[in-house]
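Q: I am new to this structure and would like to go through it step by step. Could we look at it together?

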Amino acid sequence: MWRWGCEVQEQRTFCRICSAACALVVTTDGERVVSVRGDVDDATSRGYACSKGRSVGALHHHPRRLDGASLRDAGGTLTPVGWDECLDDLAERIAGVQAAHGRDAVGVYMATASTFDSLGARYGARFAQGLATRNRYSAVTLDSPSKPLVAELMAGRGDLLPAVDLERATLSIFIGVNPVVSHGHFNAFPDPVTRIRHLASEGREVWVIDPRSTETAQLATWHLQPRPGTDWVLLAHLVREILSDGAEHGYLDGKASGLDELRRAVAPVDRAMVVDRTGLAEAEIDGLLAALRRHERVAAQTGTGVSMGVAANVAEWLTWALQIAKKSYDQPGGMWFNPGFVTCHDRRKVTPGPAVADLGTPAPSRPDLPARMGEFPSAALVDQIEEGEVRALIVFGGNPLSSFPEPERLAAALGSLEVLAVLDVIETETVELASHALGCTDPLERADVPLLLDQFLPEVGSRYTPAVVAPSAGHRHAWQIFHDLGARLDIEVLPADVDPATVTEDELLARLTARARRPFEELREKRLVVDEPSTFGWVEASLPDGRWRLAPPDLVAQLEGLLERAPDPGLLLIPRRQPRHMNSLLRDAGASDRRDRPEVLVHPLDAAELGLGDGQPVAVRSGHGHLHGVSRLDDGLRRGAVSVPHGWPGDAHVGRLICGAECDPLTGMVRSSGVPVTLEPLDA
Ligand SMILES: Nc1nc2c(c(=O)[nH]1)N[C@H]1C(S)=C(S)[C@@H](COP(=O)(O)OP(=O)(O)OC[C@H]3O[C@@H](n4cnc5c(=O)[nH]c(N)nc54)[C@H](O)[C@@H]3O)O[C@H]1N2
Ligand SMILES: Nc1nc2c(c(=O)[nH]1)N[C@H]1C(S)=C(S)[C@@H](COP(=O)(O)OP(=O)(O)OC[C@H]3O[C@@H](n4cnc5c(=O)[nH]c(N)nc54)[C@H](O)[C@@H]3O)O[C@H]1N2
Ligand code: SF4
Ligand SMILES: [Mo]
């Protein structure tokens with residue numbers, strides 16, 4: 001479409017804010033993004049785009065967009081400089097730190113947004129490998145390490161992402177996950193309302209287990225509201241009962257080991273204990289059990305409400321065990337596993353080794369924490385800096401000051417570093433402390449194919465997008481930054497036969513998709529290629545000894561520990577994603593009356609006991625710290641639960657309540673859900 005004096009264009013792309021990868025149509029007028037809408041012609045996202053996706057233009061034109069390269073000057077001010085000057089200085093300082101203090105003295109934190117920049121993530125990983133440091137961190141240890149752990153212990157590989165068979169599941173259970181807002185956890189739910197409605201239609205059942213009446217619960221056929229942190233008790237009871245009546249014993253005999261150990265492990269849990277710990281009514285518990293017996297298969301998935309809690313590993317294990325007992329894993333009508341379209345193309349043929357690489361010895365300052373998945377748990381980073389083990393840190397697509405526990409302590413530690421290099425698109429609180437700020441291209445300025453996230457998609461398929469607008473204001477691609485830095489440090493980032501001065505993003509994407517199921521050219525032409533909607537049987541075929549391991553000893557021991565542990569008293573903190581921002585991203589984009597707010601949800605009866613009104617300033621205190629927020633009375637919340645969103649800065653930062661010392665011994669995960677808190681009204 002042409003208008004006099006300007007060029008209005010509509011371009012198709014896909015969103016790279018979260019893993020749902022919805023197809024978008026972006027209207028540009030010259031350099032300006034004018035509007036963004038969902039692409040109705042897309043077979044997977046079907047015109048759906050959430051408020052975040054429709055904000056990619058606001059992100060591109062963000063008033064605090066990080067432009068070009070900046071360097072902290074002698075007076076302590078972050079000052080714009082040329083890219084060469086900035087990267088020369090950074091390379092020299094990284095080399096200096098490694099020469100003086102050893103390879104491990106340079107740390108790398110690559111987090112959420114890095115995974116949505118495929119070329120940046122790939123070449124960033126090569127750069128980090130070249131640094132040869134053990135101090136590698138990611139956001140996985142902040143939200144979900146129980147998932148790869150349980151997959152490894154039960155199926156011999158950590159890279160399995162179970163997803164509901166949307167077409168055939170007749171009984172689906174969502175435990176501590178709210179796909180209508182989050183669009184999934186470790187799998188993607190584009191157009192979630194339609195998908196959940198479909199799952200709940202024509203006599204099919206959707207059960208939601210969540211202390212809050214979430215947007216997903218409101219579409220469910222049944223909703224159970226247990227006390228936070230008690231899912232494991234309910235699940236143990238369900239496993240016990242299903243094993244005695246309702247399991248596919250013929251299947252278990254041939255395809256599982258550890259049945260007797262599992263039976264013994266869950267034996268101490270009975271219905272009275274479930275009522276006591278969860279606060280659920282007998283009829284609710286029996287209702288769910290009856291549903292499990294009524295349906296041949298079950299499809300159950302968990303989210304951060306479970307994976308951030310103290311019982312994360314045990315609850316995840318029992319969720320797997322329940323489904324395996326009902327022959328529902330890797331089976332139509334239950335859960336399927338996306339084998340990937342691009343990089344994991346041959347996973348079905350490969351006999352897996354442990355996917356969860358062990359780094360061996362733990363981080364020196366946190367010998368209590370494991371060193372799994374080729375990284376240290378994020379909880380260890382602050383100690384590693386304080387003890388001088390990490391003296392330089394490179395952050396890509398993460399905002400640790402917003403996402404880690406104990407933000408004040410972390411800010412002091414980050415401020416003490418010799419080097420803090422941050423690759424971001426916004427001037428975040430972490431960028432404010434940077435010695436080197438590196439302004440990256442935003443999603444609209446980049447071409448992409450989901451290389452790591454193809455396994456999250458709701459079908460075996462992939463997407464392609466070109467850049468929608470040219471990079472502006474000195475923004476550089478992260479892959480270029482890593483290459484340019486690598487060249488100065490003798491680290492090979494791009495392959496040797498690539499000319500970095502002339503190579504295009506498409507050429508790099510074509511190389512990285514060379515072994516994909518379909519040719520890159522086809523992806524580029526069609527934009528969305530679906531190879532098959534779902535696929536079954538390949539995980540079972542690759543199980544060690546041909547069997548699911550039903551009772552991993554480490555998890556049995558954790559269950560025994562939980563049974564001995566007294567329930568947490570009083571009010572309990574629970575986490576919550578909000579619709580219009582993604583972690584710390586977009587919390588301040590667009591019109592102020594259309595933004596999320598850091599509201600603390602409280603049950604009206606709990607509020608009345610405390611003399612707390614609606615919309616009133618409130619302090620939330622844990623044994624560790626406190627935050628300030630605004631109360632919102634919500635009678636959809638279970639009594640005793642206090643729902644606090646994350647991603648907010650300053651006084652509203654939920655990490656102020658979280659203790660970095662309280663970590664799961666198997667994964668190093670901090671406990672961010674189910675933390676005991678008190679509330680106190682503040683004067684307006
Ligand atoms: N809009 C938006 N989408 C996002 C994000 C975002 O910030 N905003 N973040 C993205 C990221 S990084 C992730 S990891 C995913 C997370 O995706 P989800 O795991 O779906 O995250 P939430 O939407 O917070 O849902 C967690 C639910 O667990 C419930 N819950 C809390 N404690 C318990 C408990 O003890 N038991 C049970 N059964 N439930 C409990 C909470 O009430 C909440 O409804 O979302 C992604 N998508
Ligand atoms: N207490 C508590 N803590 C939590 C949570 C909780 O619920 N409670 N949630 C946890 C969860 S689920 C997660 S995943 C972590 C998140 O932890 P992080 O990943 O550290 O946090 P994000 O805010 O997602 O950081 C993403 C950063 O990437 C930047 N960015 C966005 N797009 C781009 C891009 O295209 N290129 C580049 N280079 N940068 C970009 C953003 O501006 C932002 O600064 O936090 C966790 N922390
Ligand atoms: S659901 Fe995720 S991918 Fe889809 S538009 Fe929203 S942020 Fe983008
Ligand atoms: Mo996350």
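Q: To start with one residue, where is the place of aspartate 596?
A: In this predicted model, aspartate 596 sits in the loop that runs between strand S22 and strand S23 (599-602).

Q: Is aspartate 596 buried or exposed?
A: Aspartate 596 counts as buried, because its relative accessibility is 9% and the limit for buried is under 20%.

Q: And what separates its C-alpha atom from that of histidine 581?
A: The two C-alpha atoms are separated by 7.1 Å, while the residues are 15 apart along the chain.

Q: Histidine 581 makes me think of the ligands. Which residues come nearest to ligand 1?
A: Histidine 581 is one of them: of the 32 residues around ligand 1, the nearest are Ser182, Asp210, Gly229, Asp231 and His581.

Q: Which backbone atoms lie close to ligand 1, and at what distances?
A: A polar backbone atom of asparagine 178 is 2.9 Å from an oxygen atom of ligand 1. For arginine 577, a polar backbone atom is 3.0 Å from an oxygen atom of the ligand. Valine 181 has a backbone N or O atom 3.3 Å from a nitrogen atom of ligand 1.

Q: How much of ligand 1 does the protein bury?
A: The protein buries 96% of the 920 Å² that ligand 1 exposes when taken alone.

Q: Which elements give two or more residues to that shell?
A: They are helix H6 (179-182), helix H13 (304-307) and strand S22 (571-576). The largest share comes from S22, with 3 residues.

Q: What is the make-up of the shell by class?
A: The shell around ligand 1 has 15 polar, 10 nonpolar and 7 charged residues.

Q: Now ligand 2. Which residues are closest there?
A: Tyr109, Thr112, Asp424, Arg446 and Ser584 are the closest of the 30 residues that surround ligand 2.

Q: What polar atoms does ligand 2 have beside it?
A: The side chain of threonine 112 has an N or O atom 2.6 Å from an oxygen atom of ligand 2. A polar side-chain atom of serine 403 is 2.8 Å from an oxygen atom of the ligand. From the backbone, a polar atom of leucine 423 lies 3.2 Å from a nitrogen atom of ligand 2.

Q: How much of ligand 2 is buried by the protein?
A: Ligand 2 taken alone exposes 910 Å², and the protein buries 95% of that. Helix H4 (140-143) and strand S17 (419-424) are the elements that give two or more residues to its shell.

Q: Which domains does that shell draw on, and how do its residues divide by class?
A: At least three residues come from each of domain 2 (69-142 + 372-532) and domain 4 (571-681). The shell divides into 15 nonpolar, 11 polar and 4 charged residues.

Q: What surrounds ligand 3?
A: The residues around ligand 3 are Cys15, Ile17, Cys18, Ala20, Ala21, Cys22, Ala49, Cys50, Lys52, Gly53 and His183. They divide into 8 nonpolar, 2 polar and 1 charged.

Q: Changing topic to the sheets: what is the strand order in the open sheet of 7 strands?
A: The order is S6-S5-S18-S17-S16-S7-S8, and the pairing is mixed. Strand S6 (78-81) and strand S8 (136-137) each have a single partner strand, so one side of each is left without a neighbour in the sheet.

Q: In what sense do S5 and S6 pair?
A: Strand S5 (residues 69-72) pairs with S6 in the antiparallel sense, over 4 bridges. Serine 70 has proline 80 in S6 as its bridge partner.

Q: And which way do the residues of S19 point?
A: In strand S19 (residues 460-463), Val460 and Ser462 point one way, Gly461 and Arg463 point the other way, and all are buried. S19 pairs with strand S20 (residues 528-532) in the antiparallel sense over 4 bridges, and valine 529 in S20 is the bridge partner of serine 462.

Q: Last one: where does threonine 44 lie, and what does its side chain contact?
A: Threonine 44 lies in the loop between strand S4 (32-38) and helix H1 (56-60). Its side chain is joined to that of glutamate 459 by a polar contact of 2.6 Å. Threonine 44 is buried, with a relative accessible area of 3%.

Terms used: Residues are numbered from 1 along each chain as its sequence is written. Chains are lettered from A and ligands numbered from 1 in the order in which they are written. This is a predicted model: local features need pLDDT of at least 70, side-chain atom pairs count only at pLDDT 80 or more; totals for chains, interfaces and linings use all residues. Side-chain values use heavy atoms; hydrogens and water are left out. A residue is near a molecule or strand if one of its heavy atoms lies within 4 Å of it. A polar contact is a pair of N or O atoms within 3.5 Å; within protein, one must be able to donate a hydrogen and the other to accept it, and residues adjacent in sequence count only if both atoms are side-chain atoms. Accessible areas come from the Shrake-Rupley method with a 1.4 Å probe; for residues, only the protein chains shown count as cover. Ala, Val, Leu, Ile, Met, Phe, Trp, Tyr, Cys and Pro count as nonpolar, Asp, Glu, Lys and Arg as charged, and the others, Gly among them, as polar. Domain bounds come from an automatic or database domain assignment. Buried means under 20% relative accessible area, exposed over 50%, partly exposed in between (1.4 Å probe, protein chains only). Two strands pair if DSSP finds at least two bridges between them.
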